[in-house]
Amino acid sequence: MKKLYFVVGSQDLYGDECLKQVAADAREMADFLAEKLEGIATVELLPTVENSEICIADMRKASCDDDCIGVITWMHTFSPAKMWIKGLQELRKPLLHLHTQANEKLPYDAIDMDFMNLNQSAHGDREYGFIVARMGIPHEVVAGYYKHDDVVAKIRRFAQVAKAISYSKALKVASFGNNMREVAVTDGDRVESQIKYGWECNYFALGDVVELINQVTDAEIDAKMEEYTSKYTMKTDNVEAVREQAKYEVGIEKFLEKNGIGAFADTFQDLHGLKQLPGIAAQNLMGKGIGFGPEGDYKIAALGAVLMKMSENREGATGFIEDYTYDLTPGQELELASHMLEVPVAFAATKPEIDVIPLGIGGKEDPARLIFDGVTGDGIQVTMVDMGDHFRIICADIELVKQPKPMPKLPVARIMYRHKPNFAIGTAAWCYAGGAHHSVVSTALTRDDIAMFARLTGTELITIGEDTTEADLQKFFMK
C-alpha cells in the first residue's frame with residue numbers, strides 16, 4: 001500500500017508540555033487523514049521537527065521509501081524555517097503544505113498566551129511557506145480546517161496526483177517503431193521526458209513482439225475470445241479476423257508484462273509481421289490501464305497511463321482520443337473526436353460491437369475493432385507538447401454530448417464534444433497554444449487535477465475554459 005508521511009513542525013522554545021501536546025494533536029490529525037485517504041494511501045506520522053537533524057532524518061526517510069508517494073507538512077507552532085532547509089533539500093517526493101490548526105474555533109473566554117504559543121499555525125505556516133517559496137520547491141498548499149469536507153477533498157486530490165506522479169516516475173514506455181514519418185507534434189525529447197517525469201521511453205523491435213504473438217496458443221486465443229464475447233456484441237461473421245486481434249492482445253500483453261512496461265506506442269508505417277493494425281487489442285489493453293499512443297506518440301501514451309492512474313476510484317472515463325472533424329452548424333458547433341481504431345471502451349455509452357471493416361490506411365487486412373457511441377457529461381481534454389526547451393500541458397474544458405444523428409456508415413468509436421467557452425475561442429486557443437491532435441480526455445478528472453500535476457512537476461500549463469476570452473488568445477501566442 002502506498003503511503004504519505006505526515007511531518008509536523010515545532011521547536012523546543014515552549015517546553016516539553018507544549019511538545020507533548022503537539023505530538024498528541026499530530027497523532028490525532030494523522031489518524032483522521034488516514035481514515036479519509038483510505039483506498040488511496042496510508043498516512044504515517046514521523047517525529048516532530050524540532051531541529052535540523054530531525055528534519056533531515058524525516059525527509060531522507062520519505063525520499064528513500066519506495067512506498068512513499070508524498071509528504072504532508074504542517075506547522076503546529078512557530079517552527080523556525082532555517083531548520084527545514086537541509087531536510088527539504090533532501091526531499092524528492094511531492095510536497096503538500098497543509099495550512100490548518102488543531103482547533104476549529106477559538107476559545108474566546110479562555111484563550112491565554114499558553115494557548116497562543118501552542119496554536120500558532122498562522123505564524124508558523126507563514127515562516128515555513130516563505131522558505132519553501134525561497135527554495136523554489138514545487139508544492140501544493142491546502143488551507144482550512146483539516147476536518148472540513150472541502151479541505152479533505154483537496155487533500156485527497158493531492159494524494160491521487162502524488163500517486164500518479166509516483167507511478168510516472170517508474171513508468172516504462174515502449175515504442176514499437178519510430179515516430180510517424182514527417183509528423184512533428186507527436187515527437188519529443190525522450191531523454192528530457194525521463195529526467196522530468198521518470199518515463200523510460202525506449203525503442204523495441206516489433207519483430208520481438210511478433211515472435212511472442214506467433215507463440216500464442218489456440219487455448220489462449222479461445223480464452224481471450226470468451227472475454228470478448230462476454231463483454232461485447234459480436235456483429236461480424238469474420239471470426240478469424242477477431243481471433244487475430246485476440247492473438248495480438250495476448251502477445252502484446254505478455255511482452256509488456258515481461259518488460260515491466262505500462263504504455264506503448266506504435267505506427268501503422270511499421271507493422272511488419274502483423275496482418276492487421278491492432279484494433280481491439282489496443283482498445284482492450286487501454287481498458288486495463290495500459291497507456292497507448294498511435295503514430296509513435298510516446299508522450300500521449302505515457303500521459304494516458306499517468307492520468308488513468310490518477311483517476312482510479314473515481315467515476316467517469318479517462319483515455320486516448322484523437323481530434324478528427326467538425327460539425328460547423330452556426331451556434332451548434334461540435335467536434336467528432338475518434339480514431340481509425342484505438343478508442344478505449346471506457347468511453348462507451350452503449351455495449352460495444354465487434355466488427356471487421358476495411359481500413360483505407362496501413363496496407364493491411366481488414367481489422368477487427370470495437371464500435372460504440374460515446375458517454376456524455378463535462379470533461380477535460382489534455383495534451384502534452386514539446387516546445388523545444390520545455391514541455392507544455394494544455395488542458396481544455398469540454399462537454400461530451402450525444403451525436404445529433406446516427407452515423408451508420410462510420411465504423412469507429414464515436415465521441416463528440418463541445419468546446420468551451422465556444423468553438424471559435426476554444427479551438428483557436430488550442431491552436432495558439434500548440435495543442436496536438438492526440439489527447440487524453442477524462443470525465444473523471446478536472447482542470448484542478450491537471451493544474452496540481454503541472455505545479456508539482458514544474459510543467460508549463462495553459463488552460464482553456466468558460467473563463468477564456470478573445471483577449472487571452474494573444475497571451476497564448478506570446479508564451
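View 1: Met113 sits in helix H4, which covers residues 113–118 (helices are DSSP runs of H or I with at least four residues, strands are E runs of at least two, and both are numbered from the N terminus). Met113 is exposed, with a relative accessible area of 53% (exposed means over 50%, buried under 20%, partly exposed in between, using a 1.4 Å probe and protein chains only). Together with Leu106, Tyr108, Ile111 and Met116, Met113 makes a nonpolar surface patch of about 530 Å². Patch residues have over 30% relative accessible area and no salt bridge, and nonpolar side chains are joined within 5 Å; a salt bridge is a side-chain nitrogen of Lys or Arg within 4 Å of a carboxyl oxygen of Asp or Glu.

**About the model.** This is a predicted model, where local features need pLDDT of at least 70, side-chain atom pairs count only at pLDDT 80 or more, and totals for chains, interfaces and linings use all residues. Residues are numbered from 1 along each chain as its sequence is written, and side-chain values use heavy atoms, leaving out hydrogens and water.

**View 2: A sheet of 3 strands.** The strands run in the order S8-S13-S14 as an open sheet with mixed pairing. At the edges are S8 (233–234) and S14 (368–371), each pairing on one side only. S8 pairs with S13 (residues 353–356) in the parallel sense over 2 bridges (pairing takes at least two DSSP bridges). Here, Thr233 stands opposite Glu353.

View 3: The structure holds 0 disulfides (cysteine sulfur pairs within 2.5 Å). For Cys18, the nearest cysteine sulfur is that of Cys55, 18 Å away. Cys18 is buried at 10% relative accessible area, and Cys55 is buried at 0%.

Technical notes
Patch = residues over 30% accessible without salt bridge, like charges linked within 9 Å, V, L, I, M, F, W, Y side chains within 5 Å. Areas by Shrake-Rupley, 256 points an atom, 1.4 Å probe, with all protein chains shown as cover.
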